[in-house]
Amino acid sequence: MTAARVMIVEDEEPLTTLLRYNLESEGYTVDAALRGDEAELKLRETVPDLLVLDWMLPGVTGIELCRRLRAREDTRALPIIMLTARGEESERIRGLSTGADDYVVKPFSVPELMARIRAMLRRTRPEVVASVLKSGDIELDRETHRVRRNGRELHLGPTEYRLLEYLMRSPGRVFSREQLLDGVWGREVYVDERTVDVHVGRLRRAINRGRARDPIRTVRGAGYALDEQYSG
Ligand code: CA
């Protein structure tokens, strides 16, 4: 089970549908784009944990998109698996020099691509695929959905659990309310930004009961972060 977010950029819709189905059944959150320029716009709003990028795309090609993403601060290290057609295989060096981390030649087997995605996430984003996340004295088990603080079990609602899990993936990072809405509630759901404050409040009450130290930091005008160095 994983909570990793994968974006597929592929103009062959049946392939996109197949990949989405397989990824979602393994627990990934999937976003997809059929055009290179559409993907670029989406990536300006949210950066996934991994990108599956087709080489030949309408709008902006996969290679050009890859080059642009590597030039951007927030996507410089984004893991990218490039999909190339057989005839383009000879150009794979060009693909890799453009900044892709791995490539898969079409037609490929879905289990093979799934294995490559898992392997790359384990290497590049261990905090995203780890079964247990730790931050300070808080431990979150993704397999059992149990959360402990100082060894004592905490009882969180489903939204508070997802919110904590999301914050624990990137300790210290400040997330805006909008980013939290996208990451925790998902893009398709309409909820007000005030909802984030309500659930952060509930999460705080659940994890801080009877304790002085609050690991969740409110950053005025910016959002929220979970701090690792709060104990002591
Ligand atoms: Ca294509």
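**Figure 1. H145 in the loop between strand 7 and strand 8.** In this predicted model, H145 sits in the loop that runs between strand 7 (138-141) and strand 8 (146-149). Its phi is near 60°. That is a positive value in a residue other than glycine. H145 counts as partly exposed, at 49% relative accessibility.

**Figure 2. N150 in the loop between strand 8 and strand 9.** N150 belongs to the loop between strand 8 and strand 9 (152-154). Phi of N150 is near 55°. Here too the value is positive and the residue is not glycine. N150 is exposed, with a relative accessible area of 57%; the cut-off for exposed is over 50%. H145, at 49%, is partly exposed.

**Figure 3. The salt bridge between E10 and K106.** The side chains of E10 and K106 meet in a salt bridge, 2.9 Å from N to O. E10 lies in the loop between strand 1 (5-9) and helix 1 (13-25), and K106 lies in strand 5 (residues 102-106), so the pair ties together parts that are 96 residues apart in sequence. Both partners are shielded. E10 is buried, with a relative accessible area of 0%. K106 is buried as well, at 14%.

**Figure 4. The cis peptide bond from K106 to P107.** The bond runs from K106 to P107, with omega near -5°. K106 is in strand 5. P107 is in the loop between strand 5 and helix 5 (110-124).

**Figure 5. The salt bridge between E64 and R68 in helix 3.** E64 forms a salt bridge with R68. The closest N and O atoms are 2.9 Å apart. Both residues belong to helix 3 (residues 62-71). They are four residues apart there, which means a separation of about one helical turn. E64 is partly exposed, with a relative accessible area of 26%. R68 is partly exposed too, at 34% relative accessibility.

**Figure 6. The salt bridge between D101 and R70.** The side chains of D101 and R70 meet in a salt bridge, at 2.9 Å from N to O. D101 lies in the loop between helix 4 (92-98) and strand 5, and R70 lies in helix 3, so the pair ties together parts that are 31 residues apart in sequence. D101 is partly exposed, at 37% relative accessibility. R70 counts as buried, at 16%.

**Figure 7. A salt-bridge network of D49, R125, R142, E165 and R169.** The structure holds 24 salt bridges.

**Figure 8. T159 and its contacts.** T159 is part of helix 7 (residues 158-169). T159 counts as buried, at 16% relative accessibility. Which residues does T159 touch, not counting residues up to four places away in sequence? They are V184, W185 and H199.

**Figure 9. The whole chain, as the setting for the close-ups.** The chain has nine helices and eleven strands. Its C-alpha atoms fill a box of roughly 65 × 35 × 30 Å, taken along the principal axes. The radius of gyration is 19 Å. A compact globule with 232 residues would have a value near 17 Å, and the chain agrees with this. Buried residues make up 47% of the 232 residues. E10, K106, R70 and T159 are among them. Contacts between residues 24 or more positions apart account for 57% of those with a separation of 6 or more. The accessible surface comes to about 11900 Å². Carbon and sulfur atoms hold 48% of that surface. The chain carries 39 positive and 39 negative side chains. The centres of the two sets lie 6 Å apart.

Key. Residues are numbered from 1 along each chain as its sequence is written. This is a predicted model: local features need pLDDT of at least 70, side-chain atom pairs count only at pLDDT 80 or more; totals for chains, interfaces and linings use all residues. Side-chain values use heavy atoms; hydrogens and water are left out. A salt bridge is a side-chain nitrogen of Lys or Arg within 4 Å of a carboxyl oxygen of Asp or Glu. Helices (H or I, at least four residues) and strands (E, at least two) are DSSP runs, numbered from the N terminus. Buried means under 20% relative accessible area, exposed over 50%, partly exposed in between (1.4 Å probe, protein chains only). The radius of gyration is taken over C-alpha atoms; the globule rule is 2.2 Å times the number of residues to the power 0.38. Contact means heavy atoms within 4.5 Å. Accessible areas come from the Shrake-Rupley method with a 1.4 Å probe; for residues, only the protein chains shown count as cover. Lys and Arg count as positive and Asp and Glu as negative; His and the chain ends are not counted. The place of a charge is taken as NZ of Lys, CZ of Arg, CG of Asp or CD of Glu.
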